[in-house]
Amino acid sequence: MRLYKNAVFHSGISEADRFSYLLEDKGRIVGTFNERPEGKFEEIDLKGLHVYPCLIDGHTHMLLSIAVMAMGFNICEITADGVEPKNLAGIGERLRNYADKQPKDAVIACNNYILTALEEQRLPNRHELDDWGGGRPVVVYNIDGHSTALSTAMLRLCGLDENGSGVLSGEENERAQGRIMDKVSSMMSLKKLAKGIANYQNTCARYGICMTGALEGQGDSPKDASTALILKLARYFDIDVRAYLQYRELKRVEPFTKYMAHPRVGGCGDWELDGSCGSHSAAFSLPYKDTGELADCYYSQEDIDALCREADAKGWQIASHAIGDVAISRLVQALEGCDSQTFHRIEHAEFMDDESFEKISSGRWALMMQPGYSWIDKRYLHTYSQFMADDMIKNMRLKSLLDAGITVCGSSDSPVQDMDPWLQMLGMVQFYNEAESITPYEAFCCYTKNAARAMLEEENYGTLEKGKYASFFTAQEDIFSLSPEKLVAVRPAETYYKGKAYKEKSGSLAEFASMFLKKAKKI
């Protein structure tokens, strides 16, 4: 047994609940104490720091995140002075400089392209990418995750039309992502794969994250071998991974369920009901302000009703992407028709109408949100104010959701955004609609006990209590008393997974091979 001492332990059960000693055995908490317990233990001095339960990022796209961390780079950056580069000339220069250092046959993945912050307000076309990338296969992902630009070589690799602009948006974009991901992952060498997996876990540990929800799989990829591979590998990660399979054909999910802690299905991909605001593909009841047009849901009410009923009848937890009020309403109606008591999820859920809000207030479903994106948008991107009806923006809620007893969770949607949970918490304490802002402790709960409930992991994670895993991080700060500016700057001093301090990984092949010496876990 190990006794952790000399720290201020925050259980996370309530804002004020603290203790002075934590006793751990075989990765689980045996007890928490204000006085030193009797007995002989291995004692771990935590040097007077504050200790908190580890965080959970319930909505990531792990395979794509690993690929970007291994084979690509962020082509735009958000700085104190705004977004850089500011125009396509700057984008071209960055891509050219990166490509010149890569092999001639390298696939290049460019993430974090911020369309609405650029002077031209568009994605590059295939001819521009051909020039800047030196003829290499190049894919550029817009920050909203719902529009993509491909070079001619990349279009050819994916079997897509080489004669158009190379820019994909809306449903056309969603139905090509499996083929794109297949090609990106197939060009990832074992060395790069090891590097990407190490970087993914290192990133989690640096932020204090112990578990991620991995929304994986694309229906347009017939075999989707890359998804099967990454989920097999995830069983050996130091962090815990919980998989959500994004296939509408539920028979494709069946082979994975034996590896799951709880059977899960859905997320984005084939389970998306709409797109995004920046790509003008989120389904709203009011037209976009700049075009006067409406975007349709990707599926009819009958289709989503049938799909949800089928998955629910199997006892599987459902997650489904819905951003616009029409899409949210359609999903809520479908989930209302489910008979089981399974705790389902609505992904993003940004712009619900009053009727949906009342139905969601029943507490039957969790909301997996990313308020850090709207924080960035309000200050740098201005997507919402440029494109969306004012009455729709007024529907953005956070405090009202929590006050109604709804399980609200924070997450990153990585690699759409960096995995930084502290940015998401900043977006909560400085919410887009200021009256809907919440406290640092409430924001923290969206990444701990709320997220654990939404992931069906309350017995293991979310708070520091007897019987749960001893997964925690140390920090200099009393997080719950911080100003927004200091909250976003929090970085753990050290992160512990099941009682063991995480050691940053190098990404070597030897390290990768040693991963398989451990016992495989559930995903």
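Reader: In which handedness does α1 pass α7 in their crossing?

Author: This is a predicted model, where local features need pLDDT of at least 70, side-chain atom pairs count only at pLDDT 80 or more, and totals for chains, interfaces and linings use all residues. Residues are numbered from 1 along each chain as its sequence is written, and side-chain values use heavy atoms, leaving out hydrogens and water. A crossing is left-handed if the near helix is turned anticlockwise from the far one by less than a right angle, and right-handed if clockwise. By that rule, the crossing of α1 and α7 is right-handed.

Reader: At roughly what angle do the axes of α1 and α7 cross?

Author: Helices (H or I, at least four residues) and strands (E, at least two) are DSSP runs, numbered from the N terminus. Axes are lines fitted to C-alpha atoms, for helices over the stretch in contact (heavy atoms within 4.5 Å), and angles run from 0 to 180 degrees between N-to-C directions. The axes of α1 (residues 62–71) and α7 (residues 190–207) come within 8 Å and cross at roughly 110°.

Reader: Which residues of α1 make the contact with α7?

Author: On the α7 side, the contact includes K192, L193 and Y200. On the α1 side, the residues are M62, S65, I66, M69, A70 and M71.

Reader: How many aromatic pairs does the structure hold?

Author: Rings of Phe, Tyr and Trp (its six-membered ring) pair if their centres lie within 6.5 Å. Planes under 30 degrees apart count as stacked, over 60 as edge-to-face and the rest as tilted. The number of aromatic pairs is 21.

Reader: What kind of pair do Y4 and F472 form?

Author: Y4 lies in strand β1 and F472 in strand β21, so the pair ties together parts 468 residues apart in sequence. Y4 is buried (under 20% relative accessible area; exposed is over 50%, partly exposed in between; 1.4 Å probe, protein chains only). The ring centres are 5.2 Å apart and the planes stand at 80°, so the pair of Y4 and F472 is edge-to-face.

Reader: And what kind of pair do Y373 and Y384 form?

Author: Y373 sits in helix α13 and Y384 in helix α14. Their ring centres are 6.4 Å apart with planes at 50°, so this pair is tilted.

Reader: Which residue lies over the face of F343?

Author: A charge sits over a ring if NZ of Lys or CZ of Arg is within 6 Å of the ring centre and within 35 degrees of the ring normal. At 4.1 Å from the ring centre of F343, the residue is R453.
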